[in-house]
Every structure is written in C-alpha cells, then in structure tokens.
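Please open the model in a viewer and keep the sequence panel at hand.

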Amino acid sequence: MDCWKGPVSHSWIYPTVIICANGFFTTMRPSESFLTPYLTGPDKNLTIEEVTNQILPVWTYSYLALLFPVFLLTDYVRYKPVLLLQGTSLVVTWLLLLFAHGVVAMQVVEFFYGMVTATEVAYYAYIYSVVSTQHYQRVTSYCRSVTLVAATVAAALGQLLVSLAHVSYFYLNAISLASVSLAFLCTFFLPMPQKSMFFHRKDAPEPLPGSDKGLAVGTAHRPSSCPEETSPDPAARSPSPQPQAGNARPHGHMLSVLLQLGRDLRDCYGSRKLLYWSLWWALATAGFNQVVNYVQVLWDLRAPSHSSAVYNGAVEAIATFLGSATSMAVGYVKVNWDLSGELALGIFSALDAGSLLLMHFTDNIWACYAGYLAFKACYMLLITIATFQIAVNLSMERYALMFGFNNFVALVIQTILTVVVVDSRGLGLDISTQFLIYGSYFTVITGIFLIRSVYTIISIKSRNTSVAAESTAP
C-alpha cells in the first residue's frame, strides 16, 4: 500500500480518518454483549460451568502472556504490523465463534481474543507517530470518541435486533465478523510510520501537548482546574535521549533502550504520589476487568437467557454512556486532587464494593443491572482522575511506559484472582460467590485508600499550620 503515500498521507487528516474508521469497525461488535447466552444456548450448547471455569479464564492467561512482548514489538515494528495482527486475530476469533464447537475450540477463541486485547495499545500509539505534536489533543479526542460511539451503537443495535427483530445470536456474530473484517481492510490503507516512541525516535521527547496536556493513551484530558506545575520528582523529567538505530548495532540498541526503560520506571515510581495513584490503577483495573469478564455469567444466573428476556445490550449501552459522562464531568470539577484525590479513590471504591455486594446478595436481575451501571460509572470516573494525575507531569514517553506497566501489574493481579477464584484447577467457585470475593476485594481497596487519605490530609494540614505559625512568628 505504499502507493498511497503522497501529499494526502502526510497530512494529519488522512491517517486520523483511517485509524478512526479502524477503531469504529473494530469496536462495532453487537454480539459482544450476548456472548454468554450464545455460548450456553443451542448454537454452542456449553454449560455455564464450562464457560465460567474453563473457557473465560483462557483470555486472562493469553493476555498476560502476550502483553509485554507485544508492547515492545509494537514499538519496534512501528505499530502498523501490530494493527494488522490485531485485525487478523479479530477475524479468526469471530470465524471460530461462528463455526467451531466444543470447549477446546472456544478456549482457542479466548486465546486469539487475548491477542486482540494485547495489541490494542497500537491503536492509540500509532496516531502519535504520524501526526505532529500540535494535533495530539485533537486526534486523541477523535480516536477515543469514535470507539465510545461505536461501543454504544453496537450494544444498542444488538439489543434492538434481539428484542424487536428477534435476530439470533449467530447472526449477531456474523454482523460482528463483517465489522471486524472492514476494520482489518482499513488497516492496509494506513501509512507506515517512520518513527516510534522508543526504538525509532527521531526527535527529543516532547511533553504531552497543549495547555491541558492531552493524554497520550488515556481516556480523558487534564481538566482546566489543574494548573501547570514544575515537579521536583525525577518522574517529571523527560527520559534521556536514546541512541538511534543507525548509530549502533541492533542488539546493542535494543539493550540500551530496555535499560533506559528500566531507569525511567525506577524514576517514575520513585515519586510517592505516582506510586499510590498507580497502585490504585493496578488494583482497581484488575478487579474491573474481572467483573466485566464474568458479569454476563451472573446475569444469566439471575435471569436465564433460555427462559427470560435478555437486556445485556441495553445495559452495556447505558453503562458506556454513563462512563463517558462521568469521565467528561471530571474536567469541570474544581478540586484540589493532591489533597482530596485519595479520599475520592476511597469513597468511590466503597461505592464499587457496595455495587458488587448488591449484585451478589440480590436475586433480582434489575438490581444486578443497576449495580453494574453504578460500578462501571464509578470506575470510569476514578480511572480518569488517576490518568491525568499520573500524566500531568510526565513526558508522553514516560506516560505511555507507566500506562503499559500499570496495566501489566493489573493483569498479573487479575491472573492471580482467576487462578485462585475462577479456574477449575483452583477453587472453581460459582459465579455468585465470585462476586462476593470481588466485592470484598474492592472493600480492601477502599480501606487502603481511606486510611491513606486521612494520613495525607492530616499531613498537609499540619504542614500548612506549621508554615503559618512560622510566618507569623516575630
């Protein structure tokens, strides 16, 4: 597709349009909200225990095994080949979902879906390698918005087709296959980047752009209520320049990059503020991913899909909308997050814990739906706050590095939860008991950050009192 390189491909508009089209069709999968009813229905005829304890855990293991090598490979091969790999994995996933049968075949599906999620990092990283700095904030907004719109449209469309047109889950998956195939085709039209963030750097590292520091990979922009600040923390400094690939042997260059990444991580986590925000990010994201992965199984227990109306699509559409609304609302709230941020983490984590415990103790499907909506909205609110608190003083390179490492730690924690709680080779608990565990898990997170917030508030108040006393002393 090099023939597409020309004046138009060097404009920021062309790659932005193509990558947004790719993101839309990748996310526009109306069958995803109905995966559990599809697997346990007449099409696949699997039991709920097989789905919960043997099939779904494979996604977590696959994701963990692939995340770190794919993260490095994405940068080394300059993004586009990894986007092609993602497209291939999506097509294979839905072909198997449509035409394969049995537990082993569905475990292979989960492996390829783990490949899909591991390669998602290339979606946002690609665009920053082909557009100039002044467009970062705008293209971030476009890329993020189009995926949120696609997720909402997909969930709503799936619900309408199931409820009104009585379309079978098989044909929903056929629509998803068509959509991901279009996404795969879009990838071929993307211009090949000439640089990448770590291994093929052309310029000195640049800070996150704009007065609001549009996020490199995150889900929201830094709100205007957070003033610029110069931090003494080593994490606030940009990483030292990397040697260029042409100036060193490939193995020596790769080793120097990996060593520099290690030093950058050490400096970033040397900041106590970044360490605590990252700790919440990893703990909460692990729990969130676990809940999202298994919530359809709980819904099917409360209202079996073979005998009850299924509203999974409508709930997911509303949850996506509420999550987007709460994320946007953060930008308009004027709060001293250095003082109150950890308190917010504790309070909203408590709401998450309460929502999950409600989902465990109730037998009412509507209460289950309501608990999930509250849980997802609270998480999206907090992850947005955590995102800009981590990104506010970091270069784009260091933010991307912390983003990847925090998600890796989250995935390790999630894998431990899966092995112990879910997998048939571990405790293999039933789905209701699992949600009791997840609610208790978020209760522990609540305790950690409420205690930490009290300590932070008392320390800051004491410091301010001491400063005031010194300034008034004769």
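A crossing is left-handed if the near helix is turned anticlockwise from the far one by less than a right angle, and right-handed if clockwise. This is a predicted model, in which local features need pLDDT of at least 70 and side-chain atom pairs count only at pLDDT 80 or more, while totals for chains, interfaces and linings use all residues. Residues are numbered from 1 along each chain as its sequence is written, and side-chain values use heavy atoms, with hydrogens and water left out.

First, select α7 (residues 136-163) and α11 (residues 312-330); helices here are DSSP runs (H or I, at least four residues), numbered from the N terminus. α7 passes α11 in a left-handed crossing. Their axes lie 7 Å apart, at an angle of about 155°, and the two helices are therefore roughly antiparallel (angles over 145 degrees).

Next, display the contact (heavy atoms within 4.5 Å). On α7, show L148, A151, T152, A155, A156 and Q159; on α11, their partners are N312, G313, A314, E316, A317, T320, F321 and S324. By class, this contact comprises 7 nonpolar, 6 polar and 1 charged residues.

Then move to the loop between α3 (48-76) and α4 (80-99) and select Y79. Its phi is near 75°, a positive value in a residue other than glycine. Y79 is buried, with a relative accessible area of 2% (buried means under 20%, exposed over 50%).

Finally, select H166 in the loop between α7 and α8 (169-188). H166, not a glycine, also has a positive phi, of about 55°. At 65% relative accessibility, H166 is exposed.

Definitions and conventions
Axes are lines fitted to C-alpha atoms, for helices over the stretch in contact, and angles run from 0 to 180 degrees between N-to-C directions. Angles under 35 degrees count as roughly parallel, over 145 as roughly antiparallel, 65 to 115 as roughly perpendicular and the rest as oblique. Ala, Val, Leu, Ile, Met, Phe, Trp, Tyr, Cys and Pro count as nonpolar, Asp, Glu, Lys and Arg as charged, and the others, Gly among them, as polar. Buried means under 20% relative accessible area, exposed over 50%, partly exposed in between (1.4 Å probe, protein chains only).
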